[in-house]
Amino acid sequence: MERERTEPPSSRGGAWLCLPVGALLLLLSTGRFSVPLAAWLAPVFLIRFFRRRRGLVGSLLILLGLWVAYAISWRAILSFAPFDQLPFFLILALLMAVNGYLPLLADRLLARRLKGLPGSLVFPLAMTATWLLYNLASPIGGFGTLGYEQYPNQAFTQLASLTGLWGLTFLVSWFGALANWAWERSFRGPEVRGGALLYGAILGAVLLYGGLRLALAEPLPGTVRIHGVSQPEEVYNRLRALSSGDREALRAGRQRLAEAFLEATVREARRGAQIVLWPEMAVGGEEQDAQGILARAKQVAAQEGIYLALGLMVEFPGTDRPTENRLLVVDPAGEVVIDHVKYGGVLLDGKLPGDRVLRLAETPYGTLSGIVCYDGDYPLVVSQAGRRGVDILLIAHGEPNRAVARLHVAQHVFRAIENGVSLFRQDATKGVSFATDPYGRMLASVDSLATSERLTVAQVPTHGVRTVYAAIGDLFGWASVAGFVGLAIWAVVAGRRRGA
């Protein structure tokens, strides 16, 4: 039987330093910073501190450290209503901190009861399970989930085509637990070498798979020319300057904006666009005005022989009916073939929530589907695209602030890799418009703040690729839930037997 390892008091004094180091690394690994290496290292020090400093004081300190880290890193990003109000923001940051605290608590309570390498699995399984459940319940989608920050490593992110995001969550968090397992054995002995070799072999296999997947990806047959159009910032500023109390002036301003989008659509169609995408809530207004804009969009699509995807806002003043945030796709015959209502985050701003069902359209350019902005932050919902054979996913986008732009790009690229779809996203004024192939490789990218002409053009593959994730969905995530429950039971039983 393996002997219980203990450390002299002198070695435990260094545990106090582990908390600020771990909290700082956590701060750098998430939110507006999202440094990939920091995500691997933060759990090393947080686990070390919590294992050395037990009791209520240790729990409160680690929870406080997590709360401060999340609050600092996410403050600039979550600056939209209702989180622009400090109490609401602090509550959400606390919930994120609790979500990060629970796997650390599980590790502290259970890992030492499991002798050998199995104890190192408690933390990564708990981490994967809690982030999966967080994604099911979170009002802001998957924001903060461990794994998104690995976006710059294209070979590693290909793991999402097998396991979804959960495989990355597991591997990144396992590193911290395994490092502590080796640390408590002074990084010596055949058992430590065996564990290191096992982890290295798994990580190496993942990187090899990703590298080969990218290297061997054959050019897909057929492309479609997609143009995304937005208007200059000053156009929106003039519209915002109109008083909502001056109903007629506001309606006239919105009509002028719609005409500007329609003119841009005609121009791009005559430049060769086969699909034209507008950003989120690009146009719209009161119900009768929105219907009039849609009628004009149908005429333009039929006149130019294109697919036109427009972000449309529909208001119902004087009634209890909530505002609708829609993406409509009109085909070359002038018929609406996709009518999608945004579901992501709409309960926070009082708009009509969608039903979370993706609409599909069969076209000469493959199977199209479309979503709106924050919808792309819900991997469990967007996984319908992979299951239902979508080839191209359109995203009408409207970034709420500049701080979230980089993070949102990473999250949405994962949707392309997971589901094997080409992705085209058009932003309004503050974010990044881009197109990717089904492997998450950039085909085009336009920073809204770096150019006066907010036009995105890309030749997008018309055939998606099938992925394992599309077939099995979140099986890896749910297996992590089951694995954690099994380990917890094993740990409790083992502890009672030793006690007896």
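A contact is a pair of residues with heavy atoms within 4.5 Å.

**Figure 1. Contacts and overall fold of the protein chain in the predicted model.** Among contacts between residues at least 6 apart in sequence, 70% join residues at least 24 apart. The secondary structure of the protein chain comprises 19 helices and 13 strands.

**Figure 2. Dimensions of the protein chain.** Along the principal axes, the C-alpha atoms fill a box of roughly 80 × 50 × 40 Å.

**Figure 3. Burial and surface of the protein chain.** Of the 500 residues, 58% count as buried.

**Figure 4. Charged side chains of the protein chain.** There are 49 positive and 40 negative side chains. The centres of these two sets lie 13 Å apart.

**Figure 5. Buried side of helix 11 (residues 233–241).** Val 235, Tyr 236 and Leu 239 are buried in this helix. Viewed down the axis of helix 11, its buried residues fall within an arc of 95°, so they line one face of the helix. These buried residues pack against helix 12 (247–270).

**Figure 6. Face of helix 11 turned away from its buried side.** The exposed residues Arg 238 and Ala 241 are carried on this face, whereas Val 235, Tyr 236 and Leu 239 of helix 11 are buried.

Notes:
Residues are numbered from 1 along each chain as its sequence is written. Side-chain values use heavy atoms; hydrogens and water are left out. Helices (H or I, at least four residues) and strands (E, at least two) are DSSP runs, numbered from the N terminus. Buried means under 20% relative accessible area, exposed over 50%, partly exposed in between (1.4 Å probe, protein chains only). Accessible areas come from the Shrake-Rupley method with a 1.4 Å probe; for residues, only the protein chains shown count as cover. Lys and Arg count as positive and Asp and Glu as negative; His and the chain ends are not counted. The place of a charge is taken as NZ of Lys, CZ of Arg, CG of Asp or CD of Glu. The arc is that of the directions from the helix axis to the C-beta atoms.
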